[in-house]
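Colleague: I am new to this structure and would be grateful for a close look at a single part of it, namely the side-chain links that join separate parts of the chain. Please take me through these links one after another.

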Amino acid sequence: MRLVASASILSTLLAVSPAVAADCLQEQAIYGDADSAYELQFEPVGSASAATSNHFKIKVDRTDLVLDGIVMQSDEPVRANGMIMNKCPEGDVTGEDIAACTVWQGVIYAISADGKVGSLPGEGMEAAPQLLLPDLGPAIRNSSIWGKATVAPWDVLTFKRCAQ
């Protein structure tokens, strides 16, 4: 009886085990912060000729905030330069317009399962287990969304699941 119960518990745990980043493409990956206050969800760019290599949305828990994110690859050295924006105007805008709606910008790093830091994977590549967005928390505290957002995330976001 005890062996059957143990086997049943083990099979239940295996059935609900967390998703592994290796089973997911980067454009379907969903990440969260340690406090579960922020969720970053990648989405397909939609065009091989786009200037951006990745797109994502960030939802802030207990608010109606949905922030837009883009990644553009730089050359020499190759880096994934990211921007997180809140309600940026579209069309013909100035640098001042973009600066006013930018919440964070910097390099987005991928952290592998063995702790190595590298570049963010592009579309069609295996999702990173963790992301590092340096100074994300302080940038949010100093941005226009602070007040609606009341928790500043840590700079590391961990893979939660894969969007279907």
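**Links across the chain**

Modeller: E39 has a relative accessibility of 14% and therefore counts as buried (buried means under 20% relative accessible area, exposed over 50%, and partly exposed in between, with a 1.4 Å probe and protein chains only). This is a predicted model: local features need pLDDT of at least 70, side-chain atom pairs count only at pLDDT 80 or more, and totals for chains, interfaces and linings use all residues. Residues are numbered from 1 along each chain as its sequence is written, and side-chain values use heavy atoms, with hydrogens and water left out.

The side chain of E39 meets that of K160 in a salt bridge, with 3.0 Å from N to O (a salt bridge is a side-chain nitrogen of Lys or Arg within 4 Å of a carboxyl oxygen of Asp or Glu). This pair connects distant parts of the chain, since E39 belongs to strand β2 (residues 38-43) and K160 to strand β10, 121 residues apart. Helices (H or I, at least four residues) and strands (E, at least two) are DSSP runs, numbered from the N terminus. K160, at 37% relative accessibility, counts as partly exposed.

The structure holds five salt bridges. One of them joins D68 and K57, at 2.4 Å from N to O. D68 lies in strand β4 (residues 66-74) and K57 in strand β3 (residues 54-60), so this bridge ties together parts that are 11 residues apart in sequence. D68 is partly exposed, with a relative accessible area of 30%, and K57 is partly exposed, with a relative accessible area of 30%. Another salt bridge is formed by R62 and D61, whose closest N and O atoms are 3.9 Å apart. Here R62 is exposed, with a relative accessible area of 80%, while D61, at 42%, counts as partly exposed. Returning to E39 and K160, salt bridges that share partners join these residues and R161 into one network.

The covalent links come next. There are two disulfides (a disulfide is a pair of cysteine sulfur atoms within 2.5 Å). In one of them, the sulfur atoms of C24 and C162 are 2.2 Å apart. The torsion about its S-S bond is about 80 degrees, so the disulfide is right-handed. C24 counts as buried at 2% relative accessibility, and C162 counts as buried at 18%.

A disulfide also joins C88 to C101, with 1.7 Å from S to S. C88 sits in the loop between β5 (79-85) and α2 (95-101), and C101 in helix α2, 13 residues apart. With 90 degrees about the S-S bond, the link of C88 and C101 is right-handed. C101 counts as buried, at 5% relative accessibility. When the bonded cysteines are numbered in sequence order, the pairing is 1-4, 2-3.

A word on confidence is in order. The mean pLDDT (the predictor's confidence in each residue, from 0 to 100) is 86, and 87% of the residues reach 70 or more. Over residues 2-18, however, the pLDDT is below 50, and beyond near neighbours in sequence this stretch has zero contacts in the model (contact means heavy atoms within 4.5 Å). Where pLDDT is low, the predicted coordinates should not be read in detail.
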